[in-house]
Amino acid sequence: MTAVAAPAPTRLWTPARVLVTRSAAERPYGQHVLERLQSAGVQDVELLRGDRLPNLRGDGDRAAFMRAKNTLALVVGAPSRRRLQPIPPSADWRFDLAEGCPAHCQYCYLAGSLSGPPITRVFADLDEVLDGLDPYVGRGAITSGTAERGGEGTTFEASCYTDPLALEHLTGGLARAITHVGTHDWSGPVQLRATTKFDDVAGLLELPHAGRTRLRFSVNAASVARRFEAATSPVDGRLAALSAVARAGYPVGVVIAPIMPGEQWREEYGDLLDRIAAAVPTGADLTVECITHRFTPGSKATLTEWYPRSRLEMDEEKRTTKRGRFGAVKHVYPKDTMGELRGWFTDALSARLPDARLLYWT
Ligand code: SF4
């Protein structure tokens, strides 16, 4: 295969402050991240004497929020993290390269899932986590053994609580995971899955991925991306990155999320699907995941605090209540709106991306 040219990354985060715990600095991958931080010119790197992070809560004000968003901590995950959890509807299991993200999406789903100051924690025990995946192969209920998605093998989602490409220039963690999954001798078929709103794919194009990693790009209608996705790469950059990794032989995907029925939504999502169709090379293995916008009481409270001037609609009166796992309340669009959106997307996807496989709609 001839080398694929990498599109220039449109946005590379430089954390203002890095905290490194003692155990993290001792791990080989932790040392690799420290070297990359140095090469990236990150100045303020603090090696801690122990494993506790200092209190980063500050006064809980806007300045403390911004400081936390600009802080990266290199830590070792708690041992309980080695017991993997299922992650429906994406994958059989999830493991975490990191937790947190430097971008500022005003609907960010992390607001409802992570607690505490929004720093980005990178896990330095990645090698141990990767070595611990073998016993999960052949187990799982989301893709493994299912009629619809069994062909994907045992799936591992690596971007549940972070955006791996937002950090890749600083960590190289996604490349390490892709290489492990691509070269390890597994007892059955496996697939690594990651999703991103960034476009720095240069370090991924030449990896021995063996077609076992599906890289998905999270995309949205122009007005949603413009109004609500600050500090991410522009959608066209993400699509150029998708095109490059597909040409480098990766299975690819688009995650259209969160879908919002604003004014002109048919035209805007139609235009998005046309741009995706233009970016995907002929013969690429492309999947689509569709997620409508939803919020919980907890995510609304956190997002309102983080982005008080946001014009994101989070009006319970305009929504229907759904109960998730363990009875948690979610506010989703009413049934009629959902039906209209789903009908339109089903038709538009088969017309504009006829070779793509829709994995789920939610
Ligand atoms: S890119 Fe993803 S994880 Fe990062 S702020 Fe946006 S929605 Fe949240």
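Search the whole structure and you find 1 cavity of 30 Å³ or more. On a 1 Å grid over the protein atoms alone, a cavity is a set of points where a 1.4 Å probe fits but cannot get out, and lining residues have an atom within 4 Å of a point. Grid points are joined across faces, edges and corners, and the volume is the space filled by probe spheres set on the points.

A word on the model itself: it is predicted, so local features need pLDDT of at least 70 and side-chain atom pairs count only at pLDDT 80 or more, while totals for chains, interfaces and linings use all residues. Residues are numbered from 1 along each chain as its sequence is written, and side-chain values use heavy atoms, with hydrogens and water left out.

Helices here are DSSP runs of H or I with at least four residues, strands are runs of E with at least two, and both are numbered from the N terminus. Buried means under 20% relative accessible area, exposed means over 50%, and partly exposed is in between (1.4 Å probe, protein chains only).

## The nonpolar cores

A nonpolar core is a set of buried Ala, Val, Leu, Ile, Met, Phe, Trp, Tyr and Cys residues joined through side-chain atoms within 4.5 Å. The largest one has 103 residues, and Phe95, Leu204, Ile256, Tyr269 and Phe345 touch the most other members. Helix 9 (residues 235–247) gives the most to this core, with 7 residues. Apart from that core lies another, of 8 residues, including Leu19 and Leu56.

Take Phe95 as an example: leaving out residues up to four places away in sequence, Phe95 touches Leu84, Leu126, Phe156 and Leu192, among others.

## Strand 14 and its neighbours

Of the 7 residues in strand 14 (residues 286–292), 6 are buried, so this strand is largely enclosed by the rest of the structure. Two strands pair if DSSP finds at least two bridges between them. Strand 13 (residues 252–259) runs parallel to strand 14, joined by 6 bridges, and Val254 stands opposite Val288. To get from strand 13 to strand 14, the chain passes through helix 10 (residues 265–279) in a right-handed β-α-β crossover. Right-handed means that, with the strands pointing away from the viewer, the path from the first strand over the helix to the second runs clockwise.

Strand 14 also pairs with strand 17 (residues 357–361), again in the parallel sense, over 4 bridges. There, Cys290 stands opposite Trp361.

Elsewhere, 5 strands make an open sheet with mixed pairing, in the order 2-1-3-8-6. Strand 2 (45–47) and strand 6 (98–99) stand at the edges with a single partner strand each, so one side of each is left without a neighbour in the sheet. Strand 1 (residues 17–20) and strand 2 run parallel, with 3 bridges between them; Val20 has Leu47 as its bridge partner in strand 2.

## The largest pocket

Unlike a cavity, a pocket is an open set, with protein on both sides within 12 Å along at least five of seven lines. The largest pocket has a volume of about 1,600 Å³. It is lined by 50 residues, and Ile87, Tyr109, Ser113, Cys160 and Arg294 lie nearest its centre. Strand 13, strand 14 and helix 11 (297–306) are among the elements that each supply at least two lining residues.

## Two residues to look at

Is Glu263 buried or exposed? Glu263 is in the loop between strand 13 and helix 10, and its relative accessible area of 73% makes it exposed. Val224, in helix 8 (residues 222–228), counts as buried at 5% relative accessibility. Leaving aside neighbours within four places in sequence, Val224 is in contact with Glu229, Pro258, Met260 and Tyr269.

Conventions. Contact = heavy atoms within 4.5 Å.
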